[in-house]
Amino acid sequence: MNDSRSKSNDSEHRLIAERRGKLDELRAAGFAFPNGRRRNALAGQLARTYAEHSADALDGEAIEVQIGGRLMAKRVMGKASFAKVQDRSGQIQIFVQRDTVSADVYQGFKRWDLGDIVWVRGTVFRTKTGELSIKAAEIDLLTKSLRPLPEKFHGLTDQEMRYRQRYVDLIMNEDTRNIFLVRTRAVQYVRSYLDAMDFIEVETPMMQPIPGGAVARPFITHHNALDRDLYLRIAPELYLKRLVVGGFERVYEINRSFRNEGISARHNPEFTMLELYMAYADYEVLIDLTENLVRSLAASLFEDQVITYQAQSYDLSQPFRRLSVIEAVAEFNPTLDADRLRDADYLATVCDDLGIATEDRYGAGKLLIEIFEKTVEDRLLEPTFITGYPAEVSPLARRSDDDQWLTDRFELFIAGRELANGFSELNDSEDQAARFRAQAEQKDAGDNEAMFYDEDYITALEYGMPPTAGLGVGIDRLVMFLTDSPSIRDVLLFPHMRDA
């Protein structure tokens, strides 16, 4: 440990010891974390309500309020002091006079520390500088903070510490609080949008006997009473489509899913997805729904459809571009022979030239997608729907009527990142069974991400599922885009981290 870090830790330990000493004194005097104080106003509410009130008007009305929050700043000046109190809505200044609250209370207030949680009863007024404030008639300490807050002018600037101690990050950084407020409002909007279209929200199992609905590696757990292994779901898809079979023709779930894969700026082992299924619709209907949802969501949150992400502007009011996988690979790789993008031997050679590791079991469809992911994905900056995915990499999607090598599937990319995946669902039980068998063979050959054979799902399809389209939207990645957040950790309250 370097000297500066060691000195910082020593200083923090000293401050904690001092605060514990103050708490011991408070306990001896009868302080016991009181819970009888109530508030009737918030800082932000007061700022909005009295924004246009002059000092004379406030003095004439003598508006009494009770507030509570965290002490974020304090300036002691003899017989009078100023402080800033922060609640969930923002900060407001308080003015404390010894002659008003009593000498003993004022002496106690002078010993309070930044981070303490306090209660104040007083009247609203404006200072000589015009700042809206509360003149305290009564103050009380509700919670003694034992750990010092980060230095007030710089806040919590250690990025890793912000992720590991999100509670401190939320105290110190208004930008962080705003990100999660946007996230909450975004999820609320998505629910209201779908509810208005007569979708119903449901909950499906998070522990499943067979993981399905995506190509991914699952987490495994064990249920003692049943004495069997269960899997944390990688997607709710197969359960939601069982509900479509049962007659829930428009259904959605905003869910946590889990994939036992890497951690990066774009990936977290658990993440939030919107999945919806719409009977008597196809993938083109959901392309339009997705485009309108993203556009109207931005307008609802920001009253603007131009989003700035990582210094680049994206105008969501313009029609989103649409390209097939083959068209995109050809456009971004002009030296390739566009007429041979279904030729497995040719694509294997291209993969070798690009340094893409492949396996003998890969067919032309898988090889094409490997090239797409390597050379195209991160270059799809403007909102773009990619369509025409090979059936080989789309085991749950319906084959195209015009081209059986392809499926009626799309993905939405913005700023070089996939935000949504949707397709016309495969409702042919025999075709689905054959694809499950092919996936099982791949798993036996060593592909840990290949799907299991789900016999009960095949049984459900045999009862008959109407023509249906399904959509999955990555809520975390969508919020990243809407809040100009470069890492998925910025939009997760408690991201998974490696051991410190």
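Predicted model: local features only at pLDDT ≥ 70, side-chain atom pairs only at ≥ 80, totals over all residues.

In which sense do E14 and E15 pair, and over how many bridges?

Mentor: E14 and E15 pair in the parallel sense, over 4 bridges. In general, the strands of a sheet pair through backbone hydrogen bonds, in either a parallel or an antiparallel manner.

The pair belongs to an open sheet of 8 strands, whose order is E6-E10-E11-E18-E17-E16-E15-E14 and whose pairing is mixed. Strand E6 (200–201) and strand E14 (321–324) stand at the edges with a single partner strand each, so one side of each has no neighbour in the sheet.

Two helices may be viewed against these strands. Helix H11 (residues 325–332) lies across E14 and E15, and its direction is at about 95 degrees to E14. Helix H9 (residues 237–245) lies across strand E10 (250–258), strand E11 (270–279), strand E17 (417–424) and strand E18 (468–474), running at about 25 degrees to E11.

The loop between strand E15 (384–387) and strand E16 (409–414) deserves attention as well. The side chains of Arg398 and Asp408 meet there in a salt bridge, at 3.4 Å from N to O. Both residues of the pair lie in this loop, 10 residues apart. Arg398 counts as partly exposed because its relative accessibility is 28%, whereas Asp408, with a relative accessible area of 12%, is buried. Salt bridges that share partners also join Arg19, Lys22, Asp113, Asp116 and Lys144 into one network.

The count of salt bridges comes to 38. Another of these bridges joins Arg111 to Glu25, with the closest N and O atoms 2.8 Å apart. Arg111 lies in the loop between helix H5 (103–110) and strand E4 (117–126), while Glu25 lies in helix H1 (residues 3–28), so the pair ties together parts that are 86 residues apart in sequence. Arg111 is partly exposed, with a relative accessible area of 41%, and Glu25 is partly exposed at 47%.

Arg121 and Glu64 form a salt bridge through their side chains (3.1 Å, N to O). Arg121 is in strand E4 and Glu64 in strand E1 (residues 64–77), and the pair links distant parts of the chain, 57 residues apart. Arg121 has a relative accessible area of 23% and is partly exposed; Glu64, at 45%, is partly exposed.

Gln93 is buried because its relative accessible area is 8%, and buried means under 20%. Leaving aside residues up to four places away in sequence, Gln93 touches Phe82, Ala83, Lys84, Thr127, Glu131, Leu132, Ser133 and Ile134. The C-alpha atoms of Gln93 and Leu132 are separated by 7.0 Å, although these residues are 39 residues apart along the chain.

Finally, consider the surface. Tyr167, Leu493 and Phe494 make a nonpolar surface patch of about 360 Å². Leu493 is placed in the segment after helix H16 (475–482) and is partly exposed, with a relative accessible area of 38%.

Key
Residues numbered from 1 in each chain as written. Heavy atoms only, no water. Patch = residues over 30% accessible without salt bridge, like charges linked within 9 Å, V, L, I, M, F, W, Y side chains within 5 Å. Areas by Shrake-Rupley, 256 points an atom, 1.4 Å probe, with all protein chains shown as cover. Salt bridge = Lys/Arg side-chain N within 4 Å of Asp/Glu carboxyl O. Buried < 20%, exposed > 50% of the residue type's maximum accessible area, 1.4 Å probe, protein only. Pairing = 2+ DSSP bridges. Contact = heavy atoms within 4.5 Å. Axes fitted to C-alpha atoms, helices over the stretch in contact; angles between N-to-C directions.
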